[in-house]
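Reader: I am new to protein models, and I would like to learn how to read one feature at a time. Could you take me through this one?

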Amino acid sequence: MGKDTVYSVCGMCSVRCPIMVEVENGDVSFIQGNPHDAGMKGGLCPRGAAGYALLHDSERPQYPMIREGERGEGKWRRATWDEALDYVADKLKAIMAEYGPQSVLWSDRGGPFPDLHKAFMRGIGSPNYCNHDAACARNVLHAAKSVMGKGRKAVGYDLKNCKHLVLQTRNLFEAVNVKEVNGALDGLAAGGKLSVIDIRATVSASKANNFFMLRPGTDYAFNLAVINTLLSKGWYDKKYAERFIKDLDALQSFVAPYTPEWAEGETGIPAAEIEKLCKQLKQAAPAVIWHPGWMVARYSDSFYICRTAYLINALMGSIGAKGGLPFVNTPGDFGHKGLKAFSDLYPKPEEKRADGCGWKLKHIDAGPGLINKAYDAIESADPYPVKAYIIHRHDPLHAMPDQPRIKEMWKHLDLIVANTFSWSDSSWYADVVLPMSTYLERESPLATKKGLKTFFFRRARAVEPIYDTRADWEILAGLSKRLGIDKLAFESAEEMWNYQLEPTGFSVEDFDATGQIWLADKPKYREWDEYSFGTPSGKIEVICDKLEDMGLPSLKPYVTPETPPEGRFRVAFGRCALHTQGHTVNNPVLNEQMPINPVWINTARAEELGIKDGDEVEVSNAGYAAKTKAFVTDFIHPEAAFMIHGFGHRIPAETRSSKGIADQELMTGGLEKLDAAGGGIAMQEHFISVQKA
Ligand SMILES: Nc1nc2c(c(=O)[nH]1)N[C@H]1C(S)=C(S)[C@@H](COP(=O)(O)OP(=O)(O)OC[C@H]3O[C@@H](n4cnc5c(=O)[nH]c(N)nc54)[C@H](O)[C@@H]3O)O[C@H]1N2
Ligand SMILES: Nc1nc2c(c(=O)[nH]1)N[C@H]1C(S)=C(S)[C@@H](COP(=O)(O)OP(=O)(O)OC[C@H]3O[C@@H](n4cnc5c(=O)[nH]c(N)nc54)[C@H](O)[C@@H]3O)O[C@H]1N2
Ligand code: SF4
Ligand SMILES: [Mo]
């Protein structure tokens, strides 16, 4: 075997950067950013570089397994693929015969590939496709829809041309998307300004012109004061507002009491600083991005914070603008046909969703729904019994609060299937584990990346699977065949890709040279005449009827967050550049770099508790306690205790990942704490203790 180059897509996080993989003698010898994609600058983040260690990690599921002991006991029987797929298909058939196809629930991690999953759910006749997003970006998605009538991804972030970037609850330089990091660095190098609003100093904050370390949970106050200032000083784009913003007067009277002086008392940020920021934004407009956030499942008013972020962008005239949040383009915008959808193969099931989205919860997007609400239905059998659950590339027991409570709800399930490439709390608890090949050993469906320059991309198989694992399309084809959904029973990746490419006029070989097919050679920005919003009025709307009809206010009065009880901290969490969520902590290389997540606490609070930097401490709440090291610093707000999410696993099959704190286990009762308007889980509405161990 010789040397080969394969253009593909990274799978170490959900961003899916384009990569170039060097293959020598059937093994991966090097992975780098795809040099044909200028935005990558050839680089990868540390996780992308650690893909090789995932490939060769023997502590991942190596063959199909069927549970023998109790759920979670870890007693497995090795099965062949035929046995495991027959087992799952037979169980599904029996459950669907007794309770109907709607009794099957699916959840995954969203991203560019789930069209195939949706088609599978349509094929069996269940409306219950969900993704992970109730614990991630639901609030910002719904905020975008309520303001622009379009989802958050209908606009991009033109970081390279941005003159003032505001990162609020967004750590762009550590919660990495490689092209975004490169774009933001280019923007800063060209003289763009950066402002960071966070509860602690991050790598992003270290690059900022303005850093605002505000009191946790008071971002809404900050933003209301910004809107107040922009409107009362007249520092907004009047022509844009006149043309595109509906009900500006309602906004103006609503924010009148929320002055910077008032906000200072809530946020701890001096009024003069807020005013200075507003003036700088006006100077940079419309090349301004007030980032509306990404992981915003944090507070019971997170949805409203995101809404104000979009409204600030609107006042800057930056929604649609170069250097701001320009509209992304579809293949059609460049005169091309899009990929053919798998979900067109089967009709949309008529049954209502188990989670209530789209009918009981009319303001919630019925596409991916709310997985936590689907769990309520598992327990209550209301509106109907839900008996089978396929968990695909998702670890809800780690990604959502209150594991014991979820397990109690899952007792009502007759079947839990996990499709996964690494062990996780959820796959360990499943009845059947269908092990997926890693991204280096499998193909994925073709996908479209909409942007200023839109392209199609392909994940190709760089090497053959090391263990007895399969690609997700192969697993779904195997199940589809057994369940009589023949149209999804593809025999090869080429057959699947050819189906998708049919309307486009491109062929599979067109991906060989670089892994991508670009549909434009230069970025396409829109003129004002070409702007379109999906709201009933066709404008950016301050008042959202969908919310009002549900008895939810469009403009919610500010409520001061609770102060932590004496001696306790508000829990706070986030990402670091070295790990992805819960699924890289056991990666041999990344674990060596960062085996534990220290807890950040403020110096003055640490002194009161007799804790010094580096001390071993116990972090606890409501029955959960675990040990870690203290990181004592002035650069975190005194009310908060911060930790990186993803640590503290309890999976016997993994030997490296048990250290540190599982932040979600500090959130007992957390499935009940929500942002009712945005649908996100409010994970930072919990108070915890930190004590010297
Ligand atoms: N308390 C708390 N909860 C959180 C967060 C937090 O910070 N704190 N973060 C939230 C956020 S932002 C998110 S997005 C969610 C993430 O939640 P999840 O999506 O559940 O987290 P991951 O660890 O990325 O992936 C879950 C599982 O999918 C498998 N997996 C990962 N990538 C692939 C793949 O390419 N193919 C296959 N087949 N399997 C794969 C891995 O085995 C992993 O165990 O968690 C949310 N929950
Ligand atoms: N390296 C790496 N990159 C990733 C991921 C990963 O796991 N690892 N995951 C990807 C995913 S799924 C997501 S959703 C994104 C998430 O991307 P981000 O949302 O940018 O990442 P986080 O670190 O969760 O949160 C950002 C910041 O919010 C701050 N914060 C916490 N509470 C408050 C508050 O009350 N107010 C303010 N203003 N700030 C607060 C935290 O301190 C943190 O620095 O990252 C993506 N990129
Ligand atoms: S950000 Fe890093 S881990 Fe995520 S897809 Fe890109 S290179 Fe891979
Ligand atoms: Mo996320």
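Author: What follows is a conversation about domains, cores, a ligand shell and some backbone angles. This is a predicted model, in which local features need pLDDT of at least 70 and side-chain atom pairs count only at pLDDT 80 or more, while totals for chains, interfaces and linings use all residues. Residues are numbered from 1 along each chain as its sequence is written, chains are lettered from A and ligands numbered from 1 in the order in which they are written, and side-chain values use heavy atoms, with hydrogens and water left out.

Reader: Into which domains is the protein chain divided?

Author: Domain bounds come from an automatic or database domain assignment. Here the chain is divided into domain 1 (3–44), domain 2 (65–136 + 335–518), domain 3 (156–326) and domain 4 (569–692). Taken over C-alpha atoms, the centres of domain 1 and domain 4 are separated by 32 Å.

Reader: How many residues does the largest nonpolar core have?

Author: In soluble globular proteins, nonpolar side chains tend to be buried together. A nonpolar core is a set of buried Ala, Val, Leu, Ile, Met, Phe, Trp, Tyr and Cys residues joined through side-chain atoms within 4.5 Å, where buried means under 20% relative accessible area, exposed over 50% and partly exposed in between, with a 1.4 Å probe and protein chains only. The largest nonpolar core has 164 residues, and Phe 120, Phe 222, Trp 290 and Leu 488 have the most contacts inside it. Helix α13 (residues 302–315) gives the most to this core, with ten residues; helices (H or I, at least four residues) and strands (E, at least two) are DSSP runs, numbered from the N terminus. Apart from this core lies another, of 54 residues, with Phe 573 and Ile 661 among them.

Reader: Which residues are around ligand 3?

Author: A residue is near a molecule if one of its heavy atoms lies within 4 Å of it. Those around ligand 3 include Cys 10, Cys 13, Cys 17, Cys 45, Arg 16 and Arg 47.

Reader: Which peptide bond is cis, and where does Pro 286 lie?

Author: Most residues other than glycine have a negative phi, and most peptide bonds are trans. The bond from Ala 285 to Pro 286 is cis, with omega near 5 degrees, and Pro 286 lies in the loop between α12 (271–284) and β12 (288–290). Another cis peptide bond joins Asp 382 and Pro 383, with omega about 10 degrees. Ala 381 has a positive phi, near 55 degrees, and counts as partly exposed because its relative accessibility is 37%.
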